[in-house]
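Reader: Please show me the structure. I want to know what stands behind each label.

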Amino acid sequence: MPRTCRLTLITTMSPLRSHSEYAGYFGLRRAAHAALLFLLCVGAAHSASVQVVPVRVEISAQRTAGELRIINSGDKPVSMQVDPREWSQNVDGVDQLAPTEELLAVPPLFTIPPGRDQIVRLGLLGQPSPTHEKTFRLLVTELAPASGEREASAVRIRLQLSIPVFVAPSESEAIPELVVEDTRVGADGVVVTLRNTGNTHVKLKQLSVAASGGDMPDDGRSGKGRYLLPGTSAEIFVPGQLTGALRSVRIETEDGWSREHAVAPDK
């Protein structure tokens, strides 16, 4: 059965000054996710009927086109818009989306009848970089129905999905590489600064730390699902209390890349 894209909650944050602020942020994020799940249950008849396949698109110099299949499994027509954006990250690893003419989606606007689907063709109009991966996102947005079709008593949740598009370098092998730039130990956890020094994206599966007195318990969530684009850095908070001195940081990505980085004794 093909994987389908799920609605996700995207939150942003200002730089935090202490580990306690990190803990507070994650508590607020859990509360926000709980509220989102409640809304999804209320509006499921409207929003859960749209599925997108695949959940990511890969393009290369040899294969400069791709496609999305958008499925309406509900009992009402849905109108959709597909908007390509250039995807970058700032020095803090925060996503930045900008209009682009390098990636084309056809058709960009359409309505899908109940029980039907729509194929959206994707074409790379620009050239792949010779040495580094290019990254885009497709914003797939459900448009509001005509005023006469709205149900006054229903909670309406308009769906927006963000589909990553990766364009491989044309003359170099795509090689991921993560390094640990810094570690900061606090009473309630460790902040690890990672930098992607490779020429392709990485998607974190797990980040954990080990100490001289034993490994810190792994909650299975630290960094999970986080993208780092080439040349960017990000701070990942690993909650818990160390026993002894910090010894190493272990990194695993979703494509199977893994590495253990030793930490200097004064850390």
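What follows is a short exchange about labels and cut-offs.

Author: This is a predicted model, where local features need pLDDT of at least 70, side-chain atom pairs count only at pLDDT 80 or more, and totals for chains, interfaces and linings use all residues. Residues are numbered from 1 along each chain as its sequence is written, and side-chain values use heavy atoms, without hydrogens and water.

Reader: How many helices and strands are there in the chain?

Author: The chain has 2 helices and 18 strands. Both are DSSP runs numbered from the N terminus: helices are H or I with at least four residues, strands are E with at least two.

Reader: What makes E67 and R121 a salt bridge?

Author: The cut-off is a side-chain nitrogen of Lys or Arg within 4 Å of a carboxyl oxygen of Asp or Glu. The closest N and O atoms of E67 and R121 are 2.4 Å apart, so the pair counts as a salt bridge. This pair links distant parts of the chain: E67 lies in strand β3 (residues 65-72) and R121 in strand β8 (residues 117-124), 54 residues apart.

Reader: Why is E67 called partly exposed?

Author: Its relative accessible area is 36%. Buried means under 20%, exposed over 50%, and partly exposed in between (1.4 Å probe, protein chains only). E67 therefore counts as partly exposed.

Reader: How do you know that E181 and R195 form a salt bridge?

Author: Their closest N and O atoms are 3.9 Å apart. That is within 4 Å, so the label applies. E181 sits in strand β11 (residues 178-186), R195 in strand β12 (residues 189-196), 14 residues apart. E181 is partly exposed at 46% relative accessibility, and R195 is partly exposed at 29%.

Reader: What about E58 and R56?

Author: This salt bridge has its closest N and O atoms 2.8 Å apart. E58 is partly exposed at 49%; R56 is partly exposed at 30%. The structure holds 11 salt bridges.

Reader: Why are β1 and β6 said to stand at the edges?

Author: Their open sheet has 4 strands in the order β1-β3-β8-β6, with antiparallel pairing. β1 (50-53) and β6 (103-106) each have a single partner strand, so one side of each is left without a neighbour in the sheet.

Reader: What makes β6 and β8 a pair?

Author: Two strands pair if DSSP finds at least two bridges between them. Here 4 bridges join β6 to β8, so they pair, running antiparallel. In β8, L122 is the bridge partner of A105.
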